[in-house]
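Subject: Structure handover and notes

Hello,

Please find the structure below. My notes follow it, with the cut-offs given where each term comes up.

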Amino acid sequence: MNLIERMHDASSDKAAVERIEKLLTDDPSLVEKLCGSSRVWQGKIFGVDQIEVELPDGTHASREVMRHRGGCCVVVVRNEKICLVRQWRVAVDRMTLELPAGKLDPDEDPVLCAQRELREETGLIARRIEPVILSRGVIGCSDELTRIFRAYDVVEGEAHLDDEEFVDVVWVSIADALAAIHAGVIQDSKTILGILSAALEAERSK
C-alpha cells in the first residue's frame, strides 16, 4: 500500500484521530510556563518576542518567537495538473515552485484571503473554496498558521500582482509534483501538503 492509499484509509478513521489527540493533552512534565514577554523587533510582516519561560524542572529559559498573522494558500487542479507559481525567494537564494499564497490582512476572513491571493497571483477566480489542511511551517520559533484551501469551479480572470511581486504561473502534473517532492526539488512545506492533498483526492476519485 503506497502513501496516498494509507492517507486515504486514515483520513476517515476517527479512532486514530482521537488516539493522536490524547497524545496532545497538556503534560506537566513537558509544559513550559510563560513568565514574561516583550516585543524586541517589529517589521511590516511579523514581529519578534523575547519570552521567558519556566521549564518543567523549575529552571528558567529564554525563547525567541516570531509573531505572524498567518496566511492562506490554494490548491487548484485542472486536467490532472496543479497550479503553481515560480518565484525567486531571497531567504533561500533560489527559484521555488509554490502554491499561490499570501498573508492575511488584519481581521481578514481566511476564505476571502485565499480567493484574493489566488486571483492576484494567477488571475484565477474560485467560485467555490473549501478548507483542506492547517500547517505550521516553523513551529519551533513561529506561531504562523497557514490555511490550505482547495478551489473548485475555477474560471479565468486577470492577475493583479502586488508591487514588488514577480511570479510566473505554471501547471505541473500531480505525478511530476510528487516526484519533485520525493527528490527534494519542491521543499516548501505548505506546497508539499497541498500537493499531497491533491494526490489523495485524485486517488479517491478513481
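A residue is called buried under 20% relative accessible area, exposed over 50%, and partly exposed in between (1.4 Å probe, protein chains only). This is a predicted model, in which local features need pLDDT of at least 70 and side-chain atom pairs count only at pLDDT 80 or more, while totals for chains, interfaces and linings use all residues. Residues are numbered from 1 along each chain as its sequence is written, and side-chain values use heavy atoms, with hydrogens and water left out.

Overall figures

The protein chain has five helices and eleven strands; helices (H or I, at least four residues) and strands (E, at least two) are DSSP runs, numbered from the N terminus. The C-alpha trace spans about 55 × 45 × 35 Å along its principal axes. Of the 206 residues in the protein chain, 33% are buried. A contact means heavy atoms within 4.5 Å. Among contacts with a separation of 6 or more, 58% are between residues 24 or more positions apart. The accessible surface of the protein chain is about 13,000 Å², and carbon and sulfur atoms hold 53% of that surface; the areas come from the Shrake-Rupley method with a 1.4 Å probe, and for residues only the protein chains shown count as cover.

Charges and salt bridges

There are 26 positive and 38 negative side chains in the protein chain, and the centres of the two sets lie 3 Å apart. Lys and Arg count as positive and Asp and Glu as negative, without His and the chain ends; each charge is placed at NZ of Lys, CZ of Arg, CG of Asp or CD of Glu.

A salt bridge is a side-chain nitrogen of Lys or Arg within 4 Å of a carboxyl oxygen of Asp or Glu. The whole structure contains 15 salt bridges. One of them joins Arg86 to Asp168, with the closest N and O atoms 2.9 Å apart. This pair links distant parts of the chain, since Arg86 is in strand β6 and Asp168 in strand β11 (residues 168-173), 82 residues apart. Asp168 is partly exposed because its relative accessibility is 35%, and Arg86, at 36%, is partly exposed as well.

Lys190 and Asp188 form another salt bridge, with 2.8 Å between the closest N and O atoms. Lys190 has 12% relative accessibility and so counts as buried, whereas Asp188, at 22%, is partly exposed. Elsewhere, salt bridges with shared partners join Asp105, Glu108, Arg116, Glu117 and Glu120 into one network. Within that group, Glu108 and Arg116 meet at 2.8 Å, N to O.

Gln87 lies in strand β6 (residues 81-89) and is buried because its relative accessibility is 9%. Apart from neighbours within four places in sequence, Gln87 contacts Arg94, Met95, Thr96, Glu98, Phe166 and Val167.

Which residues of helix α4 (residues 174-182) are buried? They are Ile174, Ala177, Ala180 and Ile181. These residues cover an arc of only 120 degrees around the axis, so they are on the same side of α4; the arc is that of the directions from the helix axis to the C-beta atoms. An α-helix has 3.6 residues a turn, so residues three or four places apart point the same way. Ala175, Asp176 and His182, on the other side of α4, are exposed. The cover over the buried residues of α4 includes β5 (77-78), β6, β11 and α5 (189-204). After α4 comes Gly184, with a positive phi near 80 degrees.

Regards
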